[in-house]
Amino acid sequence: MDFLKELEGKRVHDPFAANMATKPTAKRIWVLGPIIVGAGPSGLAVAACLKEKGIPSLILERANCIASLWQLKTYDRLRLHLPKKFCELILMPFPSDFPTYPTKQQFVGYLNAYAENFDLKPAFNRTVVSARYDSRCEHWFVNTLGLKNEETEYVCQWLIVATGENAEEVVPQFEGVSEFGGPIVHTSSYKSGELFRGKKVLVVGSGNSGMEVSLDLCNYNARPSLVVKDSVHILPQEILGISTFGLSMWLLKWLPMRFVDHLLLLVARFMLGDTARFGIYRPERGPLELKSMTGKTPVLDIGTLAKIKTGHIKVCKAVKQLKHQAVEFIDGRVENFDAIIYATGYRSNVMSWLKETSMFSEKDGLPRKPFPNGWKGECGLYSVGFTQRGLLGASLDARRIAEDIEHSWKAEATHFMAFTTCALPPPPPPQPAASIN
């Protein structure tokens, strides 16, 4: 076929492809079906939806396990912040005997059972370093590195980006970091407060992780201080025994968002008091409106605010610079600390490997189109797990992606087989059978 000759000619003049061709460890693998980059909950969900429709897929995962963020980069006391019915993956509910807010260990066990139930077997230790679309042959070329830097190039018709919003840590760059002298870790490396007993610890970041890590430090008799740089909404996790999130979703079926926000803030003021008294100021927009517009999640309090009220957790202004065993804040105050924990979150890393800019924003690595339209790009490119709406949003995207691919699966699979057949050398001619005398 002419386009194959054009493809090979183009690859001869492609420096990256030429480099791949000169290395003996490089190999090419044709994939009949979509490639899914990322074996987190979102990647598993879309693979299960595809399998339900009889469509095979290949999951590429840079770590050595599924859900590596949950298994390798979360603290021990972590529980789901939302009730389990809002966090289960599509096609398989949580076990009925699980508590309302499953533990980290229970959630990981559920994900392992999910992968086993749908016979999902990701290719582990495959770091995607480049994914590009070739318009001449209408295929994606996905290049990976293995544990020993062995290179593999996968070729597919559809590419599903499932690396999510939390692919790499956000680490602030403060002046004087090299002078501090004590341990400075991101929450991705924090397991419990055991190593910080009796120490003064500064927690930088006031989201759900920062609040919970501060509470955990208190439980180990550490002396935490919490940096609250920006305004933040704090809501009770439950209202009269009902999940605040679940109640909000129910009210939104009948009432305008701003009215529901007003109700939530009234209840929060009654149950938690005025957080501004402790240096925690609320944004001008309501919690649901702010989440919808910016993706910023309100904090669901599980006891941290009570420790702030009693003085066990101090609230600090933004950090100006670090000094030897001390931190200077923007209000001019200087205070000594033994350790610093960054609870500064994560971000997408899509733009570091996907050689395409029309679907994803170069600014934040999220789809340019807002929810619910960010799941589909062009040329067989899809995304799942970038909705800023948790696993509910991921499940919705997973179903849409599987349905969309199903429409063209038979025709495209036939085209793919023709493509690979032409790309492979012809079989040797049959040999005449030996005569038997």
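Trainee: By its relative accessibility, is leucine 240 buried or exposed?

Mentor: Leucine 240 counts as exposed, at 83% relative accessibility. On this scale, buried means under 20% relative accessible area, exposed means over 50%, and partly exposed lies in between, using a 1.4 Å probe and protein chains only. Before we go on, please keep in mind that this is a predicted model, in which local features need pLDDT of at least 70 and side-chain atom pairs count only at pLDDT 80 or more, while totals for chains, interfaces and linings use all residues. Residues are numbered from 1 along each chain as its sequence is written, and side-chain values use heavy atoms, with hydrogens and water left out.

Leucine 240 sits in the loop between β13 (238-239) and β14 (242-243). The helices (H or I, at least four residues) and strands (E, at least two) are DSSP runs, numbered from the N terminus. The backbone at leucine 240 is worth a look too: phi is near 55°, a positive value in a residue other than glycine. Most residues other than glycine have a negative phi. Aspartate 119 also has a positive phi, near 55°. Aspartate 119 is in the loop between α5 and β4 and is partly exposed, with a relative accessible area of 42%.

Now let's move to a buried glycine. Glycine 205 lies in the loop between β10 and α7, and its relative accessible area of 14% makes it buried. Contact here means heavy atoms within 4.5 Å. Leaving aside neighbours within four places in sequence, glycine 205 is in contact with Gly210, Leu226, Val227 and Ala343. Glycine 205 also lies 8.8 Å from isoleucine 341, C-alpha to C-alpha, although 136 residues separate the two in sequence.

Five of the five residues of β10 are buried, so the strand is largely enclosed by the rest of the structure. In a regular strand the side chains alternate between the two faces of the sheet. In β10, Lys200, Leu202 and Val204 are buried on one side, and Val201 and Val203 are buried on the other. Strands count as paired if DSSP finds at least two bridges between them. Five bridges join β10 to β11 (residues 223-227), and the two strands run parallel. Valine 203 stands opposite leucine 226 of β11.

A nonpolar core is a set of buried Ala, Val, Leu, Ile, Met, Phe, Trp, Tyr and Cys residues joined through side-chain atoms within 4.5 Å. The largest such core has 67 residues, and Tyr110, Tyr114, Ile160 and Leu217 have the most contacts inside it. Among the elements that give two or more residues to this core are β10 (200-204), α7 (208-219) and α5 (104-117). The core draws at least three residues from each of domain 1 (27-167 + 348-412) and domain 2 (170-345); these bounds come from an automatic or database domain assignment. Not counting residues up to four places away in sequence, isoleucine 160 touches several residues, including Val46, Leu50, Tyr382 and Ile405.

A helix pair comes next. Helix α9 (residues 257-272) and helix α10 (residues 287-294) pack at an angle of about 130°, with their axes 7 Å apart. Axes are lines fitted to C-alpha atoms, for helices over the stretch in contact, and angles run from 0 to 180 degrees between N-to-C directions. The angle makes α9 oblique to α10, because under 35 degrees counts as roughly parallel, over 145 as roughly antiparallel, 65 to 115 as roughly perpendicular and the rest as oblique. Among the residues making the contact are Met257 and Leu264 of α9, and Leu288 and Ser292 of α10. In α10, Pro287, Leu288, Glu289 and Leu290 are buried, and what covers the buried residues of this helix includes β12 (234-236), α8 (244-251) and α9. Just after α10, glycine 295 takes a positive phi of about 85°.

Leucine 240, by contrast, is among the exposed ones.
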